[in-house]
Amino acid sequence: MQGISRRLGHQSLRPAASLSSFKSIYPLSDHHYEADHPRHASSLATKGVGHLVRKGTGGRSSVSGIVATVFGATGFLGRYVVQQLAKMGSQVLVPFRGSEDSHRHLKLMGDLGQIVPMKYNPRDENSIKAVMAKANVVINLIGRDHETRNYSFEEVNHGMAKQLAMISKEHGGIMRFIQVSCLGASASSPSRMLRAKAAGEEAIFREMPEATVMKPAVMIGTEDRILNRWAHFAKKYSFLPLIGDGSTKIQPVYVVDVAAAIIAALKDDGSSMGKVYELGGPEIFTLHELADLMYDVIREWPHYVKVPFPIAKAFATPRALLINKVPFPLPTPNIFNLDEINALTVDSVVSENALTFNDLEIVPHKLKGYPIEFLVSYRKGGPQFGSTISERVSPDSFP
(Lines give C-alpha, C1' and ligand atoms only; values in the text may rest on other atoms or scores of the structure.)
Protein backbone atom coordinates (compact mmCIF):
# COMPACT_ATOMS: atom_id res chain seq x y z
CA MET A 1 0.00 0.00 0.00
CA GLN A 2 2.84 2.39 0.78
CA GLY A 3 4.40 1.67 -2.58
CA ILE A 4 1.12 2.38 -4.36
CA SER A 5 0.62 5.62 -2.46
CA ARG A 6 4.18 6.71 -3.26
CA ARG A 7 3.58 6.06 -6.97
CA LEU A 8 0.30 7.94 -6.92
CA GLY A 9 2.02 10.78 -5.09
CA HIS A 10 4.73 10.98 -7.75
CA GLN A 11 2.11 10.98 -10.51
CA SER A 12 0.18 13.80 -8.90
CA LEU A 13 3.32 15.92 -8.91
CA ARG A 14 3.48 15.84 -12.71
CA PRO A 15 0.30 17.49 -14.00
CA ALA A 16 2.21 19.46 -16.63
CA ALA A 17 3.34 16.28 -18.38
CA SER A 18 -0.23 14.99 -18.57
CA LEU A 19 -1.45 18.33 -19.88
CA SER A 20 1.23 18.46 -22.55
CA SER A 21 0.39 14.94 -23.73
CA PHE A 22 -3.28 15.87 -23.86
CA LYS A 23 -2.47 18.90 -26.01
CA SER A 24 -0.38 16.77 -28.35
CA ILE A 25 -3.28 14.39 -28.88
CA TYR A 26 -5.93 17.05 -29.26
CA PRO A 27 -4.39 20.00 -31.16
CA LEU A 28 -6.11 23.36 -30.96
CA SER A 29 -7.49 24.95 -34.08
CA ASP A 30 -6.30 28.48 -34.82
CA HIS A 31 -7.79 30.68 -37.50
CA HIS A 32 -4.60 32.71 -37.94
CA TYR A 33 -0.94 31.96 -37.57
CA GLU A 34 2.40 33.59 -38.20
CA ALA A 35 5.67 31.84 -38.94
CA ASP A 36 7.46 33.61 -36.08
CA HIS A 37 4.71 32.97 -33.54
CA PRO A 38 6.06 30.63 -30.83
CA ARG A 39 3.00 28.38 -31.01
CA HIS A 40 3.32 27.84 -34.74
CA ALA A 41 7.06 28.07 -35.34
CA SER A 42 8.62 24.83 -36.49
CA SER A 43 12.05 23.49 -35.59
CA LEU A 44 11.72 20.67 -38.14
CA ALA A 45 14.35 20.18 -40.78
CA THR A 46 13.48 20.80 -44.41
CA LYS A 47 14.19 17.26 -45.55
CA GLY A 48 12.32 13.99 -45.11
CA VAL A 49 10.78 12.73 -41.92
CA GLY A 50 12.97 9.70 -41.41
CA HIS A 51 15.11 11.53 -38.84
CA LEU A 52 12.27 12.85 -36.67
CA VAL A 53 12.05 11.87 -33.02
CA ARG A 54 10.10 8.65 -32.69
CA LYS A 55 8.72 6.88 -29.67
CA GLY A 56 7.67 3.28 -29.56
CA THR A 57 8.17 0.30 -31.82
CA GLY A 58 6.64 1.83 -34.94
CA GLY A 59 3.06 0.61 -34.62
CA ARG A 60 -0.14 2.59 -34.37
CA SER A 61 0.44 3.37 -30.67
CA SER A 62 3.86 4.86 -31.42
CA VAL A 63 4.73 8.47 -32.22
CA SER A 64 6.17 8.90 -35.71
CA GLY A 65 6.66 12.66 -35.47
CA ILE A 66 4.34 13.27 -38.42
CA VAL A 67 1.32 15.52 -38.05
CA ALA A 68 -0.31 15.35 -41.48
CA THR A 69 -3.26 17.32 -42.81
CA VAL A 70 -4.78 15.14 -45.52
CA PHE A 71 -7.13 17.08 -47.77
CA GLY A 72 -9.56 14.76 -49.55
CA ALA A 73 -9.11 12.09 -46.88
CA THR A 74 -12.76 11.02 -47.08
CA GLY A 75 -12.37 9.97 -50.72
CA PHE A 76 -11.29 6.72 -52.36
CA LEU A 77 -7.51 7.05 -52.03
CA GLY A 78 -7.80 9.01 -48.77
CA ARG A 79 -8.89 6.09 -46.61
CA TYR A 80 -5.81 4.09 -47.62
CA VAL A 81 -3.41 6.99 -47.03
CA VAL A 82 -4.93 7.70 -43.61
CA GLN A 83 -4.73 4.02 -42.69
CA GLN A 84 -1.03 3.78 -43.53
CA LEU A 85 -0.22 7.05 -41.76
CA ALA A 86 -2.06 5.96 -38.63
CA LYS A 87 -0.50 2.49 -38.77
CA MET A 88 2.94 4.02 -38.25
CA GLY A 89 1.85 6.23 -35.34
CA SER A 90 1.20 9.53 -37.11
CA GLN A 91 -1.42 12.06 -36.14
CA VAL A 92 -3.78 12.73 -39.04
CA LEU A 93 -5.89 15.87 -39.31
CA VAL A 94 -8.90 15.17 -41.53
CA PRO A 95 -10.55 18.28 -43.01
CA PHE A 96 -14.12 17.56 -44.07
CA ARG A 97 -16.92 19.70 -45.45
CA GLY A 98 -19.78 17.19 -45.48
CA SER A 99 -21.77 15.54 -42.73
CA GLU A 100 -20.36 14.19 -39.48
CA ASP A 101 -20.70 10.68 -40.90
CA SER A 102 -18.33 11.30 -43.81
CA HIS A 103 -15.22 10.67 -41.72
CA ARG A 104 -16.32 8.20 -39.06
CA HIS A 105 -14.82 5.18 -40.87
CA LEU A 106 -11.40 6.86 -40.62
CA LYS A 107 -11.39 7.25 -36.83
CA LEU A 108 -11.14 3.49 -36.39
CA MET A 109 -7.84 3.37 -38.27
CA GLY A 110 -5.70 4.98 -35.58
CA ASP A 111 -5.18 4.90 -31.85
CA LEU A 112 -7.13 7.20 -29.55
CA GLY A 113 -6.67 10.80 -30.66
CA GLN A 114 -4.64 10.00 -33.78
CA ILE A 115 -7.41 10.77 -36.28
CA VAL A 116 -8.73 14.30 -35.73
CA PRO A 117 -11.66 15.35 -37.96
CA MET A 118 -11.88 19.12 -38.50
CA LYS A 119 -14.75 20.78 -40.34
CA TYR A 120 -13.62 23.39 -42.87
CA ASN A 121 -14.70 25.42 -45.87
CA PRO A 122 -12.42 25.01 -48.91
CA ARG A 123 -13.35 28.53 -50.07
CA ASP A 124 -12.43 30.13 -46.73
CA GLU A 125 -8.71 30.84 -46.38
CA ASN A 126 -8.88 31.19 -42.60
CA SER A 127 -10.64 27.84 -42.37
CA ILE A 128 -7.85 26.19 -44.34
CA LYS A 129 -5.23 27.83 -42.16
CA ALA A 130 -6.94 26.47 -39.07
CA VAL A 131 -6.74 22.84 -40.21
CA MET A 132 -3.08 23.27 -41.21
CA ALA A 133 -1.95 25.25 -38.16
CA LYS A 134 -0.47 22.29 -36.25
CA ALA A 135 0.66 20.23 -39.24
CA ASN A 136 4.16 19.60 -40.55
CA VAL A 137 3.01 17.61 -43.60
CA VAL A 138 0.29 18.43 -46.14
CA ILE A 139 -1.10 15.82 -48.55
CA ASN A 140 -3.55 17.04 -51.18
CA LEU A 141 -5.87 14.35 -52.56
CA ILE A 142 -8.62 16.73 -53.65
CA GLY A 143 -9.90 15.96 -57.12
CA ARG A 144 -13.07 15.68 -59.13
CA ASP A 145 -13.68 13.72 -62.34
CA HIS A 146 -16.96 15.47 -63.14
CA GLU A 147 -18.25 18.99 -62.71
CA THR A 148 -21.14 20.06 -60.51
CA ARG A 149 -23.13 23.28 -60.22
CA ASN A 150 -20.94 24.33 -57.28
CA TYR A 151 -17.45 23.24 -58.31
CA SER A 152 -15.77 23.37 -61.71
CA PHE A 153 -12.77 21.36 -62.86
CA GLU A 154 -10.55 24.45 -62.69
CA GLU A 155 -11.52 25.40 -59.15
CA VAL A 156 -11.17 21.91 -57.68
CA ASN A 157 -8.09 20.62 -59.51
CA HIS A 158 -6.19 23.87 -60.06
CA GLY A 159 -7.44 26.65 -57.79
CA MET A 160 -7.58 24.62 -54.58
CA ALA A 161 -4.16 23.07 -55.17
CA LYS A 162 -2.64 26.50 -55.76
CA GLN A 163 -4.28 27.89 -52.62
CA LEU A 164 -3.00 25.01 -50.45
CA ALA A 165 0.54 25.53 -51.77
CA MET A 166 0.42 29.26 -51.05
CA ILE A 167 -0.87 28.74 -47.49
CA SER A 168 1.71 26.00 -46.88
CA LYS A 169 4.47 28.34 -48.01
CA GLU A 170 3.16 31.07 -45.71
CA HIS A 171 2.88 28.61 -42.84
CA GLY A 172 6.64 28.18 -42.62
CA GLY A 173 6.49 24.85 -40.79
CA ILE A 174 5.32 22.55 -43.57
CA MET A 175 8.32 20.42 -44.43
CA ARG A 176 6.65 18.09 -46.95
CA PHE A 177 3.91 18.85 -49.48
CA ILE A 178 2.61 15.96 -51.57
CA GLN A 179 0.20 16.61 -54.44
CA VAL A 180 -1.72 13.75 -56.06
CA SER A 181 -2.43 14.46 -59.71
CA CYS A 182 -3.41 12.09 -62.55
CA LEU A 183 -1.45 10.12 -65.11
CA GLY A 184 -1.83 11.88 -68.44
CA ALA A 185 -2.23 15.35 -66.92
CA SER A 186 -0.96 17.75 -69.56
CA ALA A 187 -1.68 21.21 -70.90
CA SER A 188 -2.40 19.62 -74.28
CA SER A 189 -4.74 16.89 -73.02
CA PRO A 190 -8.21 16.66 -74.63
CA SER A 191 -9.64 16.39 -71.11
CA ARG A 192 -10.45 19.58 -69.17
CA MET A 193 -9.87 17.77 -65.89
CA LEU A 194 -6.39 16.64 -66.92
CA ARG A 195 -5.54 20.14 -68.19
CA ALA A 196 -6.65 21.55 -64.83
CA LYS A 197 -4.53 18.96 -63.00
CA ALA A 198 -1.50 19.98 -65.06
CA ALA A 199 -2.12 23.64 -64.23
CA GLY A 200 -2.34 22.69 -60.56
CA GLU A 201 1.04 20.96 -60.73
CA GLU A 202 2.65 24.04 -62.27
CA ALA A 203 1.11 26.33 -59.66
CA ILE A 204 2.36 24.14 -56.83
CA PHE A 205 5.92 24.02 -58.12
CA ARG A 206 5.92 27.81 -58.53
CA GLU A 207 4.98 28.23 -54.87
CA MET A 208 6.84 25.22 -53.44
CA PRO A 209 9.61 23.86 -55.70
CA GLU A 210 10.33 21.22 -53.04
CA ALA A 211 6.87 19.64 -53.36
CA THR A 212 6.37 16.05 -54.55
CA VAL A 213 3.80 15.19 -57.23
CA MET A 214 2.29 11.72 -57.62
CA LYS A 215 0.49 10.92 -60.88
CA PRO A 216 -1.37 7.62 -60.47
CA ALA A 217 -3.13 5.88 -63.33
CA VAL A 218 -6.72 4.64 -63.02
CA MET A 219 -6.91 3.23 -59.50
CA ILE A 220 -8.43 -0.17 -58.78
CA GLY A 221 -9.81 -1.15 -55.39
CA THR A 222 -12.88 -2.00 -53.36
CA GLU A 223 -14.43 1.46 -53.81
CA ASP A 224 -13.10 2.19 -57.30
CA ARG A 225 -15.05 4.04 -59.99
CA ILE A 226 -14.28 1.84 -62.96
CA LEU A 227 -14.68 -1.90 -62.28
CA ASN A 228 -17.52 -1.34 -59.80
CA ARG A 229 -19.27 0.90 -62.30
CA TRP A 230 -18.82 -1.59 -65.11
CA ALA A 231 -19.92 -4.60 -63.04
CA HIS A 232 -23.01 -2.81 -61.76
CA PHE A 233 -23.99 -1.73 -65.28
CA ALA A 234 -23.37 -5.21 -66.71
CA LYS A 235 -25.48 -6.88 -64.01
CA LYS A 236 -28.32 -4.38 -64.40
CA TYR A 237 -28.53 -4.19 -68.19
CA SER A 238 -26.85 -7.48 -69.27
CA PHE A 239 -24.35 -5.68 -71.51
CA LEU A 240 -21.48 -3.21 -71.22
CA PRO A 241 -20.90 -0.25 -73.56
CA LEU A 242 -17.29 0.09 -74.70
CA ILE A 243 -16.33 3.66 -75.58
CA GLY A 244 -14.66 3.72 -78.98
CA ASP A 245 -13.69 0.23 -80.05
CA GLY A 246 -12.19 -0.67 -76.67
CA SER A 247 -8.61 -0.36 -77.93
CA THR A 248 -7.54 2.57 -75.72
CA LYS A 249 -4.59 1.51 -73.55
CA ILE A 250 -4.56 2.17 -69.80
CA GLN A 251 -2.25 1.07 -67.01
CA PRO A 252 -4.48 0.53 -63.94
CA VAL A 253 -2.84 0.51 -60.52
CA TYR A 254 -3.88 -0.98 -57.18
CA VAL A 255 -4.91 1.82 -54.82
CA VAL A 256 -2.93 0.35 -51.90
CA ASP A 257 0.26 0.67 -53.95
CA VAL A 258 -0.44 4.37 -54.57
CA ALA A 259 -0.92 4.94 -50.83
CA ALA A 260 2.33 3.06 -50.17
CA ALA A 261 4.15 5.29 -52.67
CA ILE A 262 2.95 8.41 -50.86
CA ILE A 263 4.15 7.06 -47.53
CA ALA A 264 7.49 5.99 -49.02
CA ALA A 265 8.08 9.50 -50.37
CA LEU A 266 7.11 10.92 -47.00
CA LYS A 267 9.55 8.71 -45.08
CA ASP A 268 12.62 9.17 -47.26
CA ASP A 269 15.53 11.54 -46.59
CA GLY A 270 14.23 14.15 -49.00
CA SER A 271 15.30 12.48 -52.23
CA SER A 272 11.73 12.64 -53.58
CA MET A 273 11.34 16.37 -53.01
CA GLY A 274 10.80 18.44 -56.15
CA LYS A 275 10.11 15.34 -58.27
CA VAL A 276 7.18 13.93 -60.24
CA TYR A 277 6.34 10.22 -60.11
CA GLU A 278 4.11 8.42 -62.60
CA LEU A 279 2.44 5.49 -60.87
CA GLY A 280 1.13 2.82 -63.21
CA GLY A 281 0.58 -0.85 -62.58
CA PRO A 282 2.87 -3.58 -63.92
CA GLU A 283 0.46 -4.45 -66.77
CA ILE A 284 -1.02 -2.47 -69.65
CA PHE A 285 -4.58 -3.31 -70.67
CA THR A 286 -6.89 -2.17 -73.39
CA LEU A 287 -10.37 -1.26 -72.21
CA HIS A 288 -11.63 -4.46 -73.84
CA GLU A 289 -9.07 -6.62 -72.00
CA LEU A 290 -9.87 -5.01 -68.65
CA ALA A 291 -13.59 -5.54 -69.24
CA ASP A 292 -12.89 -9.20 -70.09
CA LEU A 293 -11.06 -9.53 -66.77
CA MET A 294 -14.04 -8.00 -64.95
CA TYR A 295 -16.48 -10.38 -66.65
CA ASP A 296 -14.24 -13.34 -65.79
CA VAL A 297 -14.25 -12.46 -62.08
CA ILE A 298 -18.00 -11.83 -61.82
CA ARG A 299 -18.58 -15.05 -63.83
CA GLU A 300 -20.87 -13.62 -66.46
CA TRP A 301 -20.82 -14.08 -70.21
CA PRO A 302 -19.40 -10.92 -71.80
CA HIS A 303 -21.78 -8.87 -73.91
CA TYR A 304 -20.44 -5.63 -75.37
CA VAL A 305 -21.89 -2.76 -77.33
CA LYS A 306 -19.15 -0.71 -78.95
CA VAL A 307 -20.07 2.98 -78.93
CA PRO A 308 -18.05 5.19 -81.32
CA PHE A 309 -16.60 8.33 -79.82
CA PRO A 310 -18.92 10.75 -81.68
CA ILE A 311 -22.02 8.90 -80.46
CA ALA A 312 -20.67 8.61 -76.91
CA LYS A 313 -19.99 12.35 -76.87
CA ALA A 314 -23.50 13.02 -78.15
CA PHE A 315 -24.94 11.05 -75.22
CA ALA A 316 -22.75 12.93 -72.69
CA THR A 317 -22.90 16.47 -74.08
CA PRO A 318 -26.37 17.54 -72.80
CA ARG A 319 -25.34 17.23 -69.15
CA ALA A 320 -22.15 19.22 -69.77
CA LEU A 321 -24.13 21.99 -71.49
CA LEU A 322 -26.92 22.18 -68.91
CA ILE A 323 -24.87 21.81 -65.72
CA ASN A 324 -24.95 25.55 -64.94
CA LYS A 325 -28.15 26.43 -66.78
CA VAL A 326 -30.79 24.53 -64.84
CA PRO A 327 -31.95 25.42 -61.30
CA PHE A 328 -31.50 21.88 -59.98
CA PRO A 329 -28.57 19.43 -59.71
CA LEU A 330 -28.14 16.94 -62.54
CA PRO A 331 -27.40 13.24 -61.97
CA THR A 332 -23.79 12.18 -61.58
CA PRO A 333 -22.53 10.81 -64.91
CA ASN A 334 -22.00 7.07 -64.92
CA ILE A 335 -20.65 5.49 -68.10
CA PHE A 336 -21.12 8.52 -70.34
CA ASN A 337 -18.98 11.23 -68.75
CA LEU A 338 -17.96 13.70 -71.47
CA ASP A 339 -14.61 14.53 -69.93
CA GLU A 340 -13.70 10.88 -69.43
CA ILE A 341 -14.72 10.15 -73.01
CA ASN A 342 -12.39 12.90 -74.21
CA ALA A 343 -9.59 11.46 -72.06
CA LEU A 344 -10.11 8.00 -73.57
CA THR A 345 -9.30 9.28 -77.05
CA VAL A 346 -5.59 8.94 -76.15
CA ASP A 347 -3.67 6.18 -74.35
CA SER A 348 -2.82 6.69 -70.67
CA VAL A 349 0.41 4.86 -69.84
CA VAL A 350 3.58 5.69 -67.93
CA SER A 351 6.15 7.71 -69.89
CA GLU A 352 9.37 6.02 -70.91
CA ASN A 353 11.77 8.09 -68.76
CA ALA A 354 9.45 8.90 -65.86
CA LEU A 355 10.14 8.18 -62.20
CA THR A 356 8.01 5.22 -61.14
CA PHE A 357 7.36 2.77 -58.30
CA ASN A 358 10.85 1.35 -58.82
CA ASP A 359 12.40 4.66 -57.76
CA LEU A 360 10.44 4.42 -54.50
CA GLU A 361 11.49 0.77 -54.03
CA ILE A 362 7.92 -0.50 -54.35
CA VAL A 363 6.81 -3.50 -56.41
CA PRO A 364 3.20 -2.87 -57.53
CA HIS A 365 0.63 -5.68 -57.49
CA LYS A 366 -0.77 -7.31 -60.59
CA LEU A 367 -4.52 -6.93 -60.85
CA LYS A 368 -5.39 -10.60 -61.18
CA GLY A 369 -6.06 -12.03 -57.76
CA TYR A 370 -6.53 -10.14 -54.53
CA PRO A 371 -6.76 -6.54 -55.89
CA ILE A 372 -9.98 -7.36 -57.80
CA GLU A 373 -11.37 -9.99 -55.44
CA PHE A 374 -14.05 -7.51 -54.33
CA LEU A 375 -15.86 -8.18 -57.63
CA VAL A 376 -17.04 -11.58 -56.34
CA SER A 377 -19.90 -9.70 -54.67
CA TYR A 378 -21.43 -9.29 -58.14
CA ARG A 379 -21.62 -13.04 -58.81
CA LYS A 380 -25.07 -14.52 -59.25
CA GLY A 381 -26.03 -16.92 -56.49
CA GLY A 382 -23.13 -16.08 -54.18
CA PRO A 383 -19.33 -15.94 -54.37
CA GLN A 384 -18.98 -19.58 -55.50
CA PHE A 385 -21.46 -19.38 -58.37
CA GLY A 386 -22.28 -17.35 -61.45
CA SER A 387 -23.63 -17.78 -64.97
CA THR A 388 -20.40 -19.10 -66.47
CA ILE A 389 -20.15 -21.74 -63.73
CA SER A 390 -23.77 -22.83 -63.39
CA GLU A 391 -24.21 -23.21 -67.15
CA ARG A 392 -21.11 -25.33 -67.62
CA VAL A 393 -21.51 -27.67 -64.67
CA SER A 394 -24.39 -30.09 -64.18
CA PRO A 395 -26.52 -29.39 -61.07
CA ASP A 396 -26.10 -33.07 -60.13
CA SER A 397 -22.40 -32.43 -59.47
CA PHE A 398 -23.14 -30.00 -56.65
CA PRO A 399 -23.33 -31.53 -53.16
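Reply: Happy to. A crossing is called left-handed if the near helix is turned anticlockwise from the far one by less than a right angle, and right-handed if clockwise. Helices (H or I, at least four residues) and strands (E, at least two) are DSSP runs, numbered from the N terminus. What you see is a predicted model, in which local features need pLDDT of at least 70 and side-chain atom pairs count only at pLDDT 80 or more, while totals for chains, interfaces and linings use all residues. Residues are numbered from 1 along each chain as its sequence is written, and side-chain values use heavy atoms, with hydrogens and water left out.

The crossing I would pick is that of helix H8 (residues 227-237) with helix H10 (residues 287-298), which is right-handed. Their axes come within 10 Å and cross at roughly 65°; axes here are lines fitted to C-alpha atoms, for helices over the stretch in contact, and angles run from 0 to 180 degrees between N-to-C directions. From H8, Leu227, Trp230, Ala231, Ala234 and Lys235 meet Leu287, Leu290, Ala291, Met294, Tyr295 and Ile298 of H10, where contact means heavy atoms within 4.5 Å. By class, this contact holds 10 nonpolar residues, no polar ones and one charged. In that count Ala, Val, Leu, Ile, Met, Phe, Trp, Tyr, Cys and Pro are nonpolar, Asp, Glu, Lys and Arg are charged, and the others, Gly among them, are polar.

Now follow the chain out of each helix. Serine 238 sits in the loop between H8 and strand E8 (240-243), and has a positive phi of about 65° although it is not a glycine. Serine 238 is also exposed, at 52% relative accessible area; exposed means over 50%, buried under 20%, and partly exposed in between (1.4 Å probe, protein chains only). Arginine 299, in the loop between H10 and strand E13 (304-307), likewise has a positive phi, near 60°. For context, most residues other than glycine have a negative phi.

Moving on to the sheet, seven strands form an open arrangement in the order E3-E2-E1-E4-E5-E6-E11, with parallel pairing. Two strands pair if DSSP finds at least two bridges between them. The edges are E3 and strand E11 (276-279), each pairing on one side only, and neighbouring strands are turned by 20° against each other on average, direction ignored. Strand E4 (residues 137-140) and strand E5 (residues 176-180) share four bridges, one of them placing isoleucine 139 against isoleucine 178 of E5. Isoleucine 178 also stands opposite threonine 212 in E6, and three bridges join E5 to E6. Strand E6 (residues 212-216) has five of its five residues buried, so it is largely enclosed by the rest of the structure. Thr212, Met214 and Pro216 point one way from E6, and Val213 and Lys215 the other.

Aspartate 268 lies in the loop between helix H9 (255-267) and E11 and is buried at 14% relative accessible area.

Glutamine 114 is buried, with a relative accessible area of 8%, and a polar atom of its side chain lies 3.2 Å from the backbone oxygen of alanine 86. Alanine 86 is among the buried residues of H3, and nine of the 12 residues of helix H3 (residues 76-87) are buried, so this helix is largely enclosed by the rest of the structure. Just after H3, glycine 89 takes a positive phi of about 90°, and glycine 89 is also one of the residues in contact with glutamine 114.

Note on methods. Polar contact = N/O pair within 3.5 Å; in protein donor to acceptor, adjacent residues only side chain to side chain. Lists of a residue's contacts leave out its neighbours within four places in sequence.
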